[in-house]
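Welcome! Please take a moment with the sequence and the model below, and then read on for a short tour.

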Amino acid sequence: MCWHSDWPFIGLEQNGDGIGEPVTEWDCPKGEAGPGLQIGDSFTNGKPGLQWQWQANPQPEAWLRPVAGNALHLVCGASGSLWRQPNVLSQMLPAADFTANVTLGLAGCGAGAKVGLSVMGQKYSAIELCRTAQGCTMQLVQGVVKDLAPTGDAEETILAEKMVDTDEITVTMKITAAKQVQYALLAADGTAVPLGGAQPVAKATWTGARLALYARGGTKGDAACIKQLNITF
């Protein structure tokens with residue numbers, strides 16, 4: 001690939017038609033390596049970084065609430081499965097072995113609102129903070145896609161649940177090269193308190209597994225708060 005008139009040109013022009021033809025080998029370009037892709041995110045000015053993709057055709061004006069400060073205010077979507085949820089933000093897994101921490105909040109949200117951290121795939125899992133009529137709980141959710149058709153859906157199961165006395169909490173997930181993910185709550189002293197057992201990391205349809213953030217359920221207009229995603233290796 002090279003740049004031509006400020007556009008990327010792929011392949012080698014060989015027959016005058018202006019279209020690059022594939023080559024079997026080529027010299028490695030010289031120069032210094034550029035900066036790596038951004039993976040963690042402080043959500044500066046309430047916006048996600050360029051590493052994120054929406055799960056459906058993007059409608060950021062409807063899914064993101066503009067609020068001052070460095071946090072993502074994600075409007076809760078429908079209460080259905082994550083597989084069918086449009087306002088899910090996801091990015092490629094940055095490595096085979098890493099840890100991700102993020103703070104989830106439901107201040108001002110009604111009963112049924114949920115916000116979570118997930119590893120999406122055809123068999124996915126998530127740790128989510130949930131608002132109930134009795135208070136807030138943490139849930140470990142597993143989803144299994146039953147139908148890969150465009151209208152297909154997934155079946156979700158709650159594998160573990162724990163009451164918490166706060167509507168804002170930092171959670172963590174540890175992904176290992178064995179293709180397993182362990183979710184946990186982070187205590188005030190930084191200790192990780194596991195929620196349920198390790199879950200599989202599985203591919204999606206045309207992508208690999210993806211790290212995801214989402215909000216769903218609740219009452220119309222509810223918006224969850226997501227702060228400072230940190231990723232360490």
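## A first look

Let us begin with the surface: the protein exposes about 12900 Å², and carbon and sulfur atoms supply 55% of that area. Keep in mind as you explore that this is a predicted model.

Turning to the overall build, the protein has 1 helix and 18 strands. Its C-alpha trace spans about 70 × 40 × 40 Å along the principal axes. Of the 233 residues in the protein, 40% are buried.

How do the contacts relate to the sequence? Taking contacts between residues at least 6 apart in sequence, 62% join residues at least 24 apart.

## Two partners of strand β18

Now find strand β18, which covers residues 223–232. Which strands are joined to β18 by bridges? Two of its pairings are set out here.

| Strand paired with β18 | Residues | Bridges | Direction |
|---|---|---|---|
| β6 | residues 72–75 | 4 bridges | antiparallel |
| β8 | residues 98–105 | 6 bridges | antiparallel |

You can follow each pairing down to single residues. V75 has A223 in β18 as its bridge partner, while L104 stands opposite I226 in β18.

Technical notes: Residues numbered from 1 in each chain as written. Predicted model: local features only at pLDDT ≥ 70, side-chain atom pairs only at ≥ 80, totals over all residues. Heavy atoms only, no water. Helix = DSSP H or I, 4+ residues; strand = E, 2+ residues; numbered from the N terminus. Buried < 20%, exposed > 50% of the residue type's maximum accessible area, 1.4 Å probe, protein only. Contact = heavy atoms within 4.5 Å. Areas by Shrake-Rupley, 256 points an atom, 1.4 Å probe, with all protein chains shown as cover. Pairing = 2+ DSSP bridges.
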